[in-house]
Number of protein chains: 2
Amino acid sequence: MKYAVGIDFGTESGRAVLVDVGSGEELGTVVHQYANGVIDRHLPAPNENVRLEPDWALQDPADYIETVKTTVARLLDQTGVDPADIVGVGIDFTACTMLPTTANGTPLCELEEFRRWPHAWVKLWKHHAAQPEADRINQVGAEMRERWLPRYGGRISSEWFYAKSLQILDEAPDIYRAADRLIEAADWVVWRLTGVETRNSCTAGYKAIWSKSDGFPERSFFAKLDPGFADVVDEKMRRNISSLGERAGGLSAEAASWTGLAPGIPVAVANVDAHASVPAVGVTEPGTMVAVMGTSTCHMVLGSQLKLPQGMCGVVEDGIIPGLFGYEAGQSAVGDIFSWFTRFAVPPEVHDRAIRDGLNLHQVLGRDATLLKPGESGLLVLDWWNGNRSILVDVDLSGLMLGATLATQPHEIYRTLLEATAFGTRAIIESLEAAGVPVNRVVACGGLPERNKLLMQISADVTGREFDIAASTQAGAVGSAMHAAVAAGSAGGGYDSIEQAAAAMARPHVGTFRPDPSARKVYDQLYREYMTLHDYFGRGANDVMKVLRAMRSQQGGGG
Amino acid sequence: MKYAVGIDFGTESGRAVLVDVGSGEELGTVVHQYANGVIDRHLPAPNENVRLEPDWALQDPADYIETVKTTVARLLDQTGVDPADIVGVGIDFTACTMLPTTANGTPLCELEEFRRWPHAWVKLWKHHAAQPEADRINQVGAEMRERWLPRYGGRISSEWFYAKSLQILDEAPDIYRAADRLIEAADWVVWRLTGVETRNSCTAGYKAIWSKSDGFPERSFFAKLDPGFADVVDEKMRRNISSLGERAGGLSAEAASWTGLAPGIPVAVANVDAHASVPAVGVTEPGTMVAVMGTSTCHMVLGSQLKLPQGMCGVVEDGIIPGLFGYEAGQSAVGDIFSWFTRFAVPPEVHDRAIRDGLNLHQVLGRDATLLKPGESGLLVLDWWNGNRSILVDVDLSGLMLGATLATQPHEIYRTLLEATAFGTRAIIESLEAAGVPVNRVVACGGLPERNKLLMQISADVTGREFDIAASTQAGAVGSAMHAAVAAGSAGGGYDSIEQAAAAMARPHVGTFRPDPSARKVYDQLYREYMTLHDYFGRGANDVMKVLRAMRSQQGGGG
């Protein structure tokens, strides 16, 4: 029996999983909570007096190394597996989560002279303070008619690599100058595990505007952003990109000593959590969408050709599975909308019933909402509580509910919120298909599918696609273990391709939700109404959402 | 000292008030709860087995007589006033609340042979089962280009006189035939008090399509509704209409014996509650709007000429003050929307704070909402939870909230609901002014103004008009007492005109809310956005609200 280790670095914690390379069985999981978690108010002790602006979100790279040390050693201990039977290690990460380091990979925040500088720390994916820089990137990109822009829905997010890098240059030029490297935390951890600096094709493609055919944007583009930024690629990054499943290097003696793993075993090139989930749930071919559904939803589909569907987060060759184009789309709030509702808009009567029946609010609302027929509530919602990523790519849009009467009940609103997120998913599927990227079925993973069966049924009914529920609730870590097995290769006890690894290791889905034809018919009608509102408020006919947002900012309103 | 009695007949109860004719001081009030209240499930004992359809709402005329008996006698008892010092009696009523009677005024439901027939009972204003008849009236009215139609916003309500009468003919032709009279309950009570049948100009004008210049609709119109309905006016009503403040007759010996009042004292022609409130709060001239604000809001303005502002409930010469045109508009839900919100959409945390601070939910939400600046919530609402009466006259419209984010808080939504009703009021004011009916200030009465100061300030800021708060919380009854004093005339210890009565008896307002210029500026911008949505959803560009309502009905949804 051979095993692979996958380590998934999340927002608040990291987790390691030990997977049977033959069957995909998960033998054990260990979770480690980061000591400093999300740093969004002030720097950690002893620098608490360094306060952060709103929208900042940092992390401490030491938390990642501590995760490696704690989880893997305990995993070996728990499972009793012989380290000699472990063929390799793979990791996946949130992204874009990036940091400045020295030439040897030391994070600037670990140097005494920079420790009190917020810009020396890791910028977490949800650091949103680089919006002015993102605006500049988008403006210059549009002016220069950059050919990469349509691959990213026409707009680069403030969360991504160059916005964050440019913010460092703008606000802390000394840090920018001192940084020999600006690097994804994912790649940095692999560097620390192996002693070898690599850049993976997934984060490079989705977050740093790299493409296999065109490479990075031209120097002239970066120069126009800021003359000092002209050589960011050649000075701070590297042009040599590694494909997913490649061996980044062998586990260093130091990293072996942290973990109890054998030195020299293959470490795979890093990956992004959502993207690693795709092979983990058995998807390595075009035609099937993988939806990672949680607070937000990330949608990934493979294609054999480059197409430009409207409103993608990114289209990257080799971005998910080597040899294929990976299409990524996103809904910026899904579970978050339901949580907003249960937190701020559910009356005591429903809370009381939940307590009485031993259910949570989602369960008691879902129980009532299940009894409603499609269309019975008379309500329609635009699911834009956190803007719209795909397909409108507009963070300034906001939520809308329509159809309320004096008889409207909480469970009716709840169901309508679920329906709205399903309409949002359908808009993404239709955008893909209109561009020639087929979506025949959906595999759902992440936290939501298991917890919210009504959402799954509604999603199937609304989209007219079967929704399979993935077996693993930690698909990212399992996908990383698959990539580890590929990095090992068949000669090393693993596999020679991710397709082979997924065929052997992906476990059968635990359930399938099939579209109900009669529900689908009603939803077809509701979806037409949804899209009419979607286009009216989302494509400039009525800019009221932007006007309100601007007024809110003028009046000092938050959120 | 001279006194007048005003009796206000409400939906669940009636109240009598004794008013000092010289000063308007209210010496006492007695309330009587109707024994049978609103009859909307089944007929009263012993006929409980006669069940009513949904949307039915009946009353028992015996409850009105019992109100007269109970309240007036106790009022005299409580105040110790000498009946010889009481100059007259006036009453006001909900409308259109109507019933079939014999030629001598006996309600058909009091005859043994008709007592088990629902159509023999009083149809309360909120009896909504005559919608098919209202649809027919509107269709025929439009086809025949009836010139009265624009005076009623282009649409007659199912609540009004002919819809209810036609429903009797449609569903219970025997009752229709047996009815020598179809009469407003208001006029019926005056008939019972005096022995004289009168028809007042207010209900005739606002509910039975009478106008001083044109009389009732033509026979040909009624004939087209149903040949059997052709002579409804001449067979079941009377063409002779009495103006408000006229003496209907002297108090009959029988009615005197019920009440302890002196026989023969003047009884004024009946009136409608909201309309009686106008002189009660001191308004007898054009230029000032009276808003009776409660679960819904009724807006009344006087004008010296006939104009046809869009979306009125009615325009009636002599309908409020003799010699002037009375313009009535309405918002079909105001306080009801706020109550919906506190009932169905406020989380336990707010309930807990309310309990802790000894406040009700409106108070604790209002306290938080007062701290918000206009525009700070980033939200905008269309206040159509119960459709829109004025100015769109469309019961099928529904509520909309726009601008929600994951940070949106309950008190922000609450404030936005208040703002939306104020925008609705502004739309009415602008419709009136656009047609040449000036509205320079507003006097607010009813239950809401005293309870919700934030609503008053917002209403002033949004409309740019001062909002005065009326002193009396029972303006209807006080207005009826004023009309009683006019019926008595100066020779009888009262006044010769309602203007004189109001000048003497209306008490000073208890507060004034003045528009804040900086708030008004922000609201001007929000109101433009409100009206863009109002017109888009309300005037046919996007019929999604109607589509949703139709789908809801198909799927068996309620509300």
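Trainee: Which residues are buried in helix 13 of chain A?

Mentor: In helix 13 of chain A, which spans residues 361-370, the buried ones are Leu361(A), Val364(A), Leu365(A), Gly366(A), Asp368(A) and Ala369(A). Buried means under 20% relative accessible area, whereas exposed means over 50% and partly exposed lies in between, with a 1.4 Å probe and protein chains only. Helices are DSSP runs of H or I with at least four residues, strands are runs of E with at least two, and both are numbered from the N terminus. This is a predicted model, in which local features need pLDDT of at least 70 and side-chain atom pairs count only at pLDDT 80 or more, while totals for chains, interfaces and linings use all residues. Residues are numbered from 1 along each chain as its sequence is written, chains are lettered from A and ligands numbered from 1 in the order in which they are written, and side-chain values use heavy atoms, with hydrogens and water left out.

Trainee: What covers the buried residues of that helix 13?

Mentor: The cover includes helix 11 (335-344), helix 12 (348-357), helix 14 (410-434) and helix 16 (453-463) of chain A.

Trainee: And which residue caps the N-terminal end of helix 13?

Mentor: Asn360(A) does, with a side-chain oxygen 3.0 Å from the backbone nitrogen of His362(A).

Trainee: Switching to chain B, how many residues of helix 10 are buried?

Mentor: Seven of the eight residues in helix 10 of chain B (residues 273-280) are buried, so this helix is largely enclosed by the rest of the structure. The buried ones are Ala274(B), His275(B), Ala276(B), Ser277(B), Val278(B), Pro279(B) and Ala280(B). After helix 10 of chain B comes Gly282(B), with a positive phi near 90 degrees.

Trainee: Where is His299(B) found, and what does its side chain join up with?

Mentor: His299(B) is in strand 13 of chain B, residues 297-303, and counts as buried at 1% relative accessibility. Its side chain makes a polar contact of 3.0 Å with the side chain of Gln331(B). A polar contact is a pair of N or O atoms within 3.5 Å; within protein, one must be able to donate a hydrogen and the other to accept it, and residues adjacent in sequence count only if both atoms are side-chain atoms.

Trainee: How many disulfides are there over all chains?

Mentor: There are zero, where a disulfide would be a pair of cysteine sulfur atoms within 2.5 Å. The sulfur of Cys445(A) has its closest cysteine sulfur in Cys298(A), 9.1 Å away, which is too far for a bond. Likewise, the sulfur of Cys313(B) is 6.4 Å from the closest one, in Cys298(B), again too far for a bond. Cys445(A) is buried at a relative accessible area of 2%, and Cys313(B) is buried at 8%.

Trainee: What about the rings, how many aromatic pairs are there?

Mentor: The count is 43 aromatic pairs over all chains. Rings of Phe, Tyr and Trp (its six-membered ring) pair if their centres lie within 6.5 Å, and planes under 30 degrees apart count as stacked, over 60 as edge-to-face and the rest as tilted.

Trainee: Why is the pair of Tyr152(A) and Trp160(A) called edge-to-face?

Mentor: Their planes are at 70 degrees and their ring centres 5.8 Å apart, so the pair is edge-to-face. Both Tyr152(A) and Trp160(A) are buried.

Trainee: Which rings are linked into a cluster?

Mentor: Ring pairs link Trp148(A), Phe161(A), Tyr162(A), Tyr176(A), Phe221(A), Phe222(A) and Phe229(A). Over the ring of Tyr176(A) sits the charged end of Lys236(A), 4.5 Å from the ring centre. A charge sits over a ring if NZ of Lys or CZ of Arg is within 6 Å of the ring centre and within 35 degrees of the ring normal.

Conventions: Contact means heavy atoms within 4.5 Å.
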